[in-house]
Amino acid sequence: MKRVWGYIAIAILFFVLIWVWTLQVDNSLNYPEFISGGALFFVIFILCMFNVRKRLPFLPLWPAHKWFLLHSVAGFLALFLFWLHADVLWPKGLYVQILTILFYGTTLSGILGLIMEKIYPNLLTRVGLECIYERIPRDLAEIRNKAESLVLECTEKTGSDTLAQHYIETLGWFFQRPRFFINNIFGGQNAQTWVMQQCSVLERFLNEAERGYLDQVYVLAETKRKIDFHYSIQTMLKKWLLVHVPLAAAVMTMVIWHLIVIQVFFN
Amino acid sequence: MDTDKFNHDQSPYERPNFPYRCGRGALWRTPCHNGPKIDGSCGGTRDCEPFFKEDRWLCRREKRFGGACAEGPGPRGECSWQRPPCAPRKTLRVIRGRIAFLAVVAIVALLASSQALNPDGGSGFISLSDAGPLSKAHKKFTEGCSSCHAVYGQGPVGWAKAVFTQLDISERCVTCHSFGGPDSMAHNNDLAKDRVVRKTECIMCHREHSGKKMSTRQSTSEQCNTCHKNKFESFSRGHPEFPDGYPYFDRNAIKFDHGSHLKKHFENPKFTEKAPTSCIGCHKVTLSDREVRPQAYETICVDCHGSQITKKDLVLVRLPELVSDLIDRDALVQACNSLTEEKSDEEFLSVSTEMPALVSAFLLNVPEDDPEIYNQPLQEFIFSMAEESHFSIEDMVNSQTEKPMADQLLEGLNPEVLKRAACSWGLNLEYEPPAEAKFGGWYADMLEVRYKPMGHRDPVAKSWVEFALAVSTIQDDEDKMARAIAMRDQVISPKEGVGGCVKCHAVSETTTIDGKKKLSIEWKYKKANDRPHSNYSHTSHIEIMGNKSSCSNCHILDAKAEYMTSFKGFDASKWSSNFPSIKRQTCVQCHTESQINQDCQSCHVYHLNPGFKKKMVSVKRQMPENKKTQK
């Protein structure tokens, strides 16, 4: 927490420095936009470097968590520098407006991502299970195979197909792939309720031996539910970048165009 | 399921930085043990291999790759069953990279298309170099963006050159805008002669592309302080004291002694009814701006001063005391077409004992106090008047100035009156007019030809004042100069001068372009224009403080001021106003923190006489005609 405030303090100091500088430049009837614009470009460059850093994990370029902190604080700093630079919330001129839309979009998606980065890891920790996102299909397949093996074994050993029938009609759908995605990303408990309901409904129609198998299937279903939760949350943690990164790339392209236009028409 | 198995060497395929992931896993089936290859082909398939076991050939395969094949090897020993390869999917990282690339491509395509299909080019629909709408005035530029941006429409080569060339948009601004001084100098004025001041550019303060209203920077004290030597925080804190005499730097064009009028004349019971009750009785508040101009003479002065003008005549010619009769009587009788009258043998005794008029003495260049000298030229002059009427005077008047003035000076002069008077004087007789001159204009009476002004703004009286002032500074001859000055002093005398013009109108000495000094009379109310960088609006102040007593808040009458003494000389720079100088403290009473704004631009104007170039004005004048022709 101390580290965050350190970054924030540096960002505030940087912004105040630029602000005072622009005021001084403004007072001397020069062009403060060049100062705020230069600072903004520098901060955007730092923001972009985070992506580069992620592609070069083998280089000793500061730990990733520090980069993340820097990226988050610099993002907010960039927003305030943008306002200082543009002097208005919504500038005039088509190309500047497109740049503004893209910048605001990037910032907004970044803020949403930051919120998710702050909330979701806590939710995942509370699940009590850890799993690698890329291995989830394999884990789910493994659980599914185990569940189906248990159901087959139950049928063979008890001679009753009640559990098998129930599996085919209800639990099979659940084990097929990750379920309750929307509910999970909002931290809902629908999956847990559903699994418990499906198992408890069946319980009174089973004999003692079958109940033993049902309990094992229930344990697998619970594990699968937790992996589903991981899948939903980790998907969100990864897929918000599908919005943020392309927008950032578009912003950078527009920034370069902006620099060209300024150099050509305002040199 | 081993959920703790995170070690990279124990996990078959879980690296997120791979470009592909297993297609089976993507469909939520059991993923292949080996992930896709780097080229995107499936790396998880493995053929069954024949295996000899217990005298039999079997087709076997590791369980993780699909297990043993159901059908054994064929007659040639080959295994027939293979697990079909899946179609690996792109990983999120690759998808993200592609979307980002597409976003960049989309922006580049948009930029490229906007340049190719620019609206100014006539075929496009958007302009991605458009920095915003122009102000109302500049929106009408016929040449579009290139009116200001020289590089516009020059193509990529022009753009590349522009990056390495110093451009100055201000140069384009001054093709239409004009100022009273150098365009790129601070305040359009060479104010700081003792030091180097940087070049100014229009865009330092004026910004376009901000919508209908041009964005103009409001100058703050800090901005002014960057150049100005006297640095201060605000008007109320540290602004230099107003200079002595502020704002009464210029001597008035009209001599109006507020002290004598307010304290003496207006309190005189004789004039009380006619006197105004407050300042606005004379000063026109409705049209006030920097100055609250007094109303016209006919509105505010004529009631008291109206009769004074017509009482003060100009004496053009006077029959003076003559020492002898030198006029050829026969010639005079012939010229005057009168009865022959012989000269008497008696000693000549002049009918007049007066001195010649100063005007004629100047025109003839004779001393007005020496009859011996002026006797002959004056009688020749009288004879010429009797013979040619005004022609002789006309020639003499026109020869005095560079530009002939006789037409204005002698306007309305009846040749017959002049001739008859001259004929009488030639016979050493007083001229007897047919009736007393009651109305204004030229007339002859006894020994004089006079001009009676008809009222205010009388053109002949004005011309004579101008003539007297003009000739009093251009004489080379000392004697003639003295005569010119004597004539001038009489003509511009408030009490005796024609119309008493100079009783109210100031006479000032000015310097011409070629360095010569000349005197000129200020006929019209003069606007103070010696402070082009200062601005003051009476209107806004009167609106706040009311129009009755608000004047005296700042303009306090100094009854002891020697106002009229200032007009005895011609030096307009030396004078004392009826009102003591206004001090900064007077303004600070309201213009201070938390009260009324004290921005520099509230009182100061940055530019010197801003305007438009002549071509702009002429274009504007031509516009209605163009419209007519278009119709």
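View 1. (A residue is buried if 20 or more other C-beta atoms lie within 10 Å of its own, exposed if 12 or fewer, and partly exposed in between; C-beta atoms are placed from the backbone.) You'll find Y431(B) in the loop between α14 (415–426) and β9 (441–445) of chain B. Helices here are DSSP runs of H or I with at least four residues, strands are runs of E with at least two, and both are numbered from the N terminus. Setting aside neighbours within four places in sequence, Y431(B) is in contact with R420(B), A421(B), S424(B), W425(B), A444(B) and M446(B). (Two residues are in contact if their C-beta atoms, placed from the backbone, lie within 7 Å.) Take M446(B): its C-alpha is 4.4 Å from that of Y431(B), although 15 residues separate the two in sequence.

A quick word on how to read these views: residues are numbered from 1 along each chain as its sequence is written, while chains are lettered from A and ligands numbered from 1 in the order in which they are written. As the model is predicted, local features need pLDDT of at least 70 and side-chain atom pairs count only at pLDDT 80 or more, whereas totals for chains, interfaces and linings use all residues.

**View 2. A331(B), a partly exposed residue in a helix.** A331(B) sits in helix α9 (residues 329–336) of chain B. With 13 other C-beta atoms within 10 Å, A331(B) is partly exposed. How far apart in space are A331(B) and F362(B)? From C-alpha to C-alpha they are 26 Å apart, and in sequence 31 residues apart.

**View 3. The largest nonpolar core.** This core has 59 residues, and W464(B), V465(B) and A468(B) touch the most other members. (A nonpolar core is a set of buried Ala, Val, Leu, Ile, Met, Phe, Trp, Tyr and Cys residues joined through C-beta atoms within 7 Å.) Helix α15 (residues 459–471) of chain B gives the most to this core, 8 residues. Beyond its neighbours within four places in sequence, V465(B) is in contact with V491(B), I492(B), V498(B), C501(B), V502(B) and I521(B). Apart from this core lies another, of 35 residues, including F82(A), F103(A), A248(A) and A100(B). In soluble globular proteins, nonpolar side chains tend to be buried together.

**View 4. Helix α16 of chain B and its buried face.** The 14 residues of α16 (residues 478–491) should span 20 Å at 1.5 Å a residue, and the end C-alpha atoms are 20 Å apart, which agrees. (The expected span is 1.5 Å times one less than the number of residues.) Which residues of α16(B) are buried? They are R483(B), A484(B), M487(B), R488(B) and V491(B). Looking down the axis of α16(B), you'd see these buried residues fall within an arc of 140°, so they line one face of the helix. (The arc is that of the directions from the helix axis to the C-beta atoms.) What covers them includes β8 (314–318), α10 (358–364) and α15 of chain B. On the other side of α16(B), E478(B) and D479(B) are exposed.

**View 5. Helix α5 of chain A and what its buried residues pack against.** This helix (residues 136–158) has 23 residues and reaches 32 Å from its first C-alpha to its last, close to the 33 Å expected at 1.5 Å a residue. Among the buried residues of α5(A) are I136(A), L140(A), A147(A), L150(A) and V151(A). The buried residues pack against α6 (162–176) and α9 (208–239) of chain A together with α1 (23–26) of chain B. Just after α5(A), G159(A) takes a positive phi of about 75°.

**View 6. Where chain B touches chain A.** The contact takes 47 residues from chain B and 41 residues from chain A. On the side of chain B that touches chain A, α2 (92–116), α3 (155–163) and α5 (221–225) of chain B each supply at least two residues. Helix α2(B) gives the most to that side, with 10 residues. The predictor gives the complex an ipTM of 0.92 and a pTM of 0.71.

**View 7. Confidence along chain B.** The mean pLDDT of chain B is 82, and 90% of its residues reach 70 or more. (pLDDT is the predictor's confidence in each residue, from 0 to 100.) Where in chain B is confidence lowest? That's helix α21 (residues 614–630) of chain B, at a mean of 55, while strand β4 (residues 89–90) of chain B is highest, at 92. Over residues 625–631 of chain B, pLDDT stays under 50 and the model has 0 contacts beyond four places in sequence.

Definitions and conventions:
Expected span 1.5 Å × (residues − 1).
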